[in-house]
Amino acid sequence: MATGRNHRPAATRSRGIPEATVARLPLYLRALTALSERSVPTVSSEELAAAAGVNSAKLRKDFSYLGSYGTRGVGYDVEYLVYQISRELGLTQDWPVVIVGIGNLGAALANYGGFASRGFRVAALIDADPSLTGKPVAGIDVQHTDGLEQIIDESGVSIGVIATPAGSAQQVCDRLVAAGVTSILNFAPTVLSVPDGVDVRKVDLSIELQILAFHEQRKAGEEAPEEETETAPPAAPPAASVSKRSEPGSDGDRPAVMPA
């Protein structure tokens, strides 16, 4: 595998690929990697689309941007597609990553084994807490934020991960950008302001849970009418049969119920 930052992904070098397609490429790669691990040689567009959670027409359109059209009656070569998508995503080279904020979330990210297998190397762990300095996490000693700029320069880092509290995220972001980081993955619950040329991807678990809560409430609301129908009391007499003005009583004055 090539290392360093001296060459660009194929998509940037040669042709434009829509952002929506780029967002789906990792889904295809994950499904293809699973097939490769099972030694599956070829896969149809329908099978791969189902595994990735998209429709087959969209998949074929996405792959057309890669110049891959499969073979009629055979499908797509799994190993070749793994290589092709990995190349387009820039995963055939090594990407050093720095994680800033080594609390529970940052430590969990540092211990995540999927980075290395997908082309990313955790080059440094950084935190503002002096008590964490020198403490090993996932086999890497935590370094203090005072040395952030030097660490980024020496490690050739272009991707930074922010896992700090919201209050310090923007300051950390500014320092990362000033030090040369051009891509940021933000786990802090805040919106970051960055200059042109810097890409930010935000991961907010609470927002995802809120969206799921919305769908759960919606599903519960759809089920409620069915339950009410099963246990509903007998229908009231037709409105035309109710013509008497209600009498004053414990419920107070109410408007007359007139025939419809």
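Before anything else, this is a predicted model. Ile-99 sits opposite Leu-125, a residue of β4. These two strands, β3 and β4, are parallel partners, with 6 bridges between them. On β3 there is also a pairing with β7: strand β3, residues 95-100, and strand β7, residues 159-162, run parallel and are joined by 4 bridges.

How many residues of β3 are buried? The count is 6 of the 6, so the strand is largely enclosed by the rest of the structure. Both of its faces are covered. Trp-95, Val-97 and Ile-99 are buried on one side, and Pro-96, Val-98 and Val-100 are buried on the other.

Now the whole sheet. It is open and has 7 strands, with mixed pairing, and the order is β5-β6-β4-β3-β7-β8-β9. Which strands are at the edges? They are β5, residues 136-137, and β9, residues 199-202, and each of them pairs on one side only.

Two helices to point out here. Helix α8, residues 148-155, packs on the sheet and touches β3, β4 (120-127) and β6 (140-144). The direction of α8 makes about 165° with that of β4. Helix α9, residues 166-178, also packs on the sheet, and its contacts are with β3, β7 and β8 (183-186). For α9 the angle is taken with β7, and it is about 170°.

From the α4 side, the buried residues are Ser-56, Leu-59, Asp-62, Phe-63 and Leu-66. Seen down the helix axis, they fall within an arc of 120°, so they line one face of α4. They pack against α2, α3, β2 (76-77) and α5.

On to α5, residues 78-88, where Gln-84 is found. Gln-84 is a polar side chain, but is it buried or exposed? It is buried, with a relative accessible area of 2%. Leaving aside residues up to four places away in sequence, Gln-84 touches Leu-66, Gly-67 and Ser-68.

Aromatics next. The whole structure has 3 aromatic pairs. In one of them, the ring centres of Tyr-28 and Phe-63 are 5.1 Å apart and the planes are at 75°, so this pair is edge-to-face. Tyr-28 belongs to helix α2 (residues 19-37) and Phe-63 to helix α4 (residues 56-66), so the pair ties together parts that are 35 residues apart in sequence. Tyr-28 is buried, at 0% relative accessibility, and Phe-63 is buried at 0% as well. Ring pairs also bring in Tyr-76, giving a cluster of Tyr-28, Phe-63 and Tyr-76.

Tyr-112 and Phe-115 make another edge-to-face pair, 5.1 Å from centre to centre with 85° between the planes. Here Tyr-112 is partly exposed, with a relative accessible area of 43%, whereas Phe-115 counts as buried at 18%; the cut-off for buried is under 20%.

Last item, the backbone. Most residues other than glycine have a negative phi. Ser-39 lies in the loop between α2 and β1, and at 63% relative accessibility it counts as exposed. Ala-138, also not a glycine, has a positive phi of about 55°. Ala-138 is in the loop between β5 and β6 and is partly exposed, at 41% relative accessibility.

That is what I have. Questions are welcome.

Note on methods. Residues numbered from 1 in each chain as written. Predicted model: local features only at pLDDT ≥ 70, side-chain atom pairs only at ≥ 80, totals over all residues. Heavy atoms only, no water. Phe/Tyr/Trp six-rings, centres within 6.5 Å; stacked < 30°, edge-to-face > 60°. Buried < 20%, exposed > 50% of the residue type's maximum accessible area, 1.4 Å probe, protein only. Pairing = 2+ DSSP bridges. Contact = heavy atoms within 4.5 Å. Axes fitted to C-alpha atoms, helices over the stretch in contact; angles between N-to-C directions. Arc of directions from axis to C-beta.
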